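User: Can you walk me through the model I'm about to paste? I'd like to start with how the chains meet.
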There are 2 protein chains.
Amino acid sequence: MSKTAVSFAFNNPDRLSSETATRIREVADHLGYRPHPVARLLTQRQTMTLGVLTPQALAVIFSNPFFALFSEGVAHAAEELGYELHFISPRNGSLAAAVRRATVDGVVAIGLSGDHPEVEQIRSAGLPMVLVDSEDLPEHCSVVVDDEGGARAAAEHLVELGHRDILVVAVERPDSATDPSPTGVAERRLRGYRTVLTAAGIDLSPEWIVAGRASIDGGEAAFQRAWAYGLRPTAVLAMSDAMAIGSMRAARQLGLRMPADLSVVGFDDIDLAALVDPALTTVHQPIRQKGVDAVRLLLAEMEQRSGIQPEHLRLETRLIVRGSSGPVPSQRQEVQRQV
Amino acid sequence: MSKTAVSFAFNNPDRLSSETATRIREVADHLGYRPHPVARLLTQRQTMTLGVLTPQALAVIFSNPFFALFSEGVAHAAEELGYELHFISPRNGSLAAAVRRATVDGVVAIGLSGDHPEVEQIRSAGLPMVLVDSEDLPEHCSVVVDDEGGARAAAEHLVELGHRDILVVAVERPDSATDPSPTGVAERRLRGYRTVLTAAGIDLSPEWIVAGRASIDGGEAAFQRAWAYGLRPTAVLAMSDAMAIGSMRAARQLGLRMPADLSVVGFDDIDLAALVDPALTTVHQPIRQKGVDAVRLLLAEMEQRSGIQPEHLRLETRLIVRGSSGPVPSQRQEVQRQV
DNA sequence: AGTGTCCACTAAACCGGTTTTCTAAACCGG
DNA sequence: CCGGTTTAGAAAACCGGTTTAGTGGACACT
């Protein structure tokens with residue numbers, strides 16, 4: 001039998017007599033033969049895989065509930081459309097190297113600010129890409145949420161409850177050693193906080209902003225650091241739920257009760273937020289939906305290459321008030337008033 | 001320039017005069033050229049990616065904290081060794097189809113019992129594979145934990161506290177519609193529970209075993225179902241932490257306090273277990289480590305093809321007593337004694 | 001019987017690289 | 001000045017398939 005016949009037997013059995021076709025297949029799985037998947041990809045010129053690009057190491061990614069929820073959305077949409085998922089993250093520290101080797105038809109990039117050189121690399125490689133949580137590249141589709149508005153809502157909530165000594169627990173970017181500028185997300189949230197606090201006559205001085213890794217431990221350490229520094233906030237604005245929960249843990253260890261002594265407001269509304277005690281007041285953002293929409297946009301772009309206008313999606317955020325926030329403690333309130 | 005020269009410029013620059021090499025590269029990234037990654041794979045005959053094979057849809061996978069932790073372990077080990085990760089899950093319901101197209105050098109299969117036809121397919125395709133949570137295929141490496149021992153410890157703990165009306169909340173396999181037999185894991189844990197209960201003179205009748213999806217919602221529904229059926233347990237043995245937490249939620253809605261009215265013991269010890277209130281008594285298993293070891297074994301097998309004895313790893317479990325379990329309520333205890 | 005269609009299958013080109021082998025010029029010592 | 005060794009680059013084979021363009025025989029029709 002020619003290899004043409006074998007190929008037909010697998011992909012185009014109508015072009016063979018049904019007899020030979022079945023015979024070929026029989027022999028094939030008797031021999032444990034399968035068409036080499038890589039060779040197929042080469043001729044078919046598409047891999048039916050989508051890349052999920054992150055500047056962070058995979059191991060930290062999977063332990064991040066935010067990312068898990070986002071991946072769930074991406075996976076859901078990709079699966080529905082028949083695509084597989086391939087995670088692209090730095091190889092030996094180089095994201096560029098990982099991109100070079102990536103065998104994907106398109107890329108969803110999350111947490112990648114526009115200034116990364118990799119995005120240029122991806123475009124010049126001709127890979128369709130959509131950015132999530134960053135829209136500073138107008139020529140690429142993007143999905144963002146209203147971070148600033150959500151942050152404003154969180155800050156307003158605390159101001160209305162009478163808080164004036166507010167600690168901001170910020171997320172630092174993971175590669176902050178080499179690049180200390182905050183990510184776009186952190187910047188936008190901080191801007192939201194600041195707008196409201198300034199309007200309320202509260203001066204957000206730098207020492208009231210502490211940063212750390214966006215994890216429970218990171219939040220715990222950040223709050224402890226602020227406390228050790230002498231800060232005595234009545235409320236915390238945390239840029240992620242994980243950090244908020246970490247702050248609550250640290251506060252509890254210091255003997256503070258929530259929300260009686262300390263109000264905490266998070267950001268993201270991960271599943272865990274509703275499960276902790278007290279349940280976390282937080283800003284909800286449609287994380288899963290971001291994943292779904294990103295894939296939807298990506299496929300639209302892939303289908304009509306060199307296509308129309310890039311689309312920029314902006315999803316809403318909203319404050320969810322739960323048990324972790326309450327009125328400012330009365331004696332503190334008086335102290336504030338007297339000053 | 002010949003394409004040979006271009007190839008050398010990228011992979012083997014020493015074979016060109018440094019002058020031409022740099023010139024080629026300049027022209028290349030001026031033109032936005034990159035060596036086609038798929039074509040490379042074809043000649044190099046390895047993809048440097050590892051497959052993570054699951055019989056469940058990706059979307060459900062990522063929302064599962066157990067799987068997240070496992071993936072973290074896999075990712076950590078893979079990354080360290082320079083491998084990428086590709087998730088293999090059913091395509092249009094067919095896991096076999098997904099395996100056929102998978103461009104990976106090896107496979108870590110989790111939650112795949114030995115009776116799946118796919119494992120045979122994978123072997124005949126010549127792909128190295130290690131099984132996690134299943135060891136009924138002696139010719140493949142495997143990583144398991146002592147599920148039965150852990151289950152025994154959990155049951156003993158409750159028996160020692162005086163409980164006799166114990167509800168078992170079991171995980172059903174996700175494709176239970178087509179295949180109602182429990183997975184190996186559920187089987188082993190159930191065996192552990194039963195051993196201890198029987199020895200204590202407690203007859204675990206079928207209606208005291210309720211099954212559901214291995215999620216918080218699944219656990220909640222399962223407990224509600226049992227309650228509606230008229231069962232009034234003083235303790236719950238849940239086969240996963242998520243289901244344990246769901247049961248606690250259901251119980252709280254029914255007005256029960258934990259551990260005063262109801263003791264709950266989970267399984268897995270996911271991060272969340274320590275964070276809920278009351279903190280969950282549970283059986284710890286080294287989930288992350290399972291991922292690391294699976295990759296380690298896989299690479300060992302890949303390096304020395306057709307190699308030595310397949311290795312079978314068995315990791316320990318241990319009971320972690322937290323706040324969700326306590327002595328049986330006294331009046332119930334009396335009722336029991338009188339009967 | 002001659003010829004036009006179909007049918008079942010095959011030869012050859014191609015996908016886009018890598019790798020081995022080859023060639024021609026430069027270099028070298030005696 | 002000549003044979004032998006480097007050196008820079010090119011030609012050709014190969015990876016393992018898919019796809020296009022044949023090819024030869026069976027069959028039908030006139």
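User: How many residue pairs are in polar contact across the interface of chain A and chain B?
Analyst: This is a predicted model, and across the interface of chain A and chain B there are 17 residue pairs in polar contact, counting those with both residues at pLDDT 80 or more.
User: Which elements of chain A supply the side that touches chain B?
Analyst: At least two residues each come from α3 (37-44), α4 (58-62), α5 (65-80), β2 (84-88), α6 (95-101) and α12 (271-275) of chain A, and the largest share, six residues, is that of α5(A). By class, this side of chain A has 22 nonpolar, eleven polar and nine charged residues.
User: And how many salt bridges between the two chains?
Analyst: The count is two, and in a salt bridge between B:E84 and A:R91 the side chains meet at 3.2 Å, N to O.
User: What area do chain A and chain B bury between them?
Analyst: About 4,100 Å², with 60% of it on carbon and sulfur atoms; in terms of residues, 42 of chain A are in contact with 43 of chain B.
User: Switching topic, at what angle do α5 and α13 of chain B pack?
Analyst: Helix α5 (residues 65-80) and helix α13 (residues 287-303) of chain B pack at about 40°, their axes being 7 Å apart, and α5(B) passes α13(B) in a right-handed crossing.
User: Which residues make that contact?
Analyst: On α5(B) they include B:F66, B:L69, B:F70 and B:V74, while α13(B) contributes, among them, B:I287, B:V292 and B:V295. By class, the contact of α5(B) with α13(B) has nine nonpolar, three polar and three charged residues.

Definitions and conventions:
Residues numbered from 1 in each chain as written. Chains lettered and ligands numbered in written order. Predicted model: local features only at pLDDT ≥ 70, side-chain atom pairs only at ≥ 80, totals over all residues. Heavy atoms only, no water. Axes fitted to C-alpha atoms, helices over the stretch in contact; angles between N-to-C directions. Helix = DSSP H or I, 4+ residues; strand = E, 2+ residues; numbered from the N terminus. Left-handed = near helix turned anticlockwise from the far one by under 90°. Contact = heavy atoms within 4.5 Å. Nonpolar A, V, L, I, M, F, W, Y, C, P; charged D, E, K, R; others polar. Buried area = accessible area lost by both parts, 1.4 Å probe. Salt bridge = Lys/Arg side-chain N within 4 Å of Asp/Glu carboxyl O. Polar contact = N/O pair within 3.5 Å; in protein donor to acceptor, adjacent residues only side chain to side chain.
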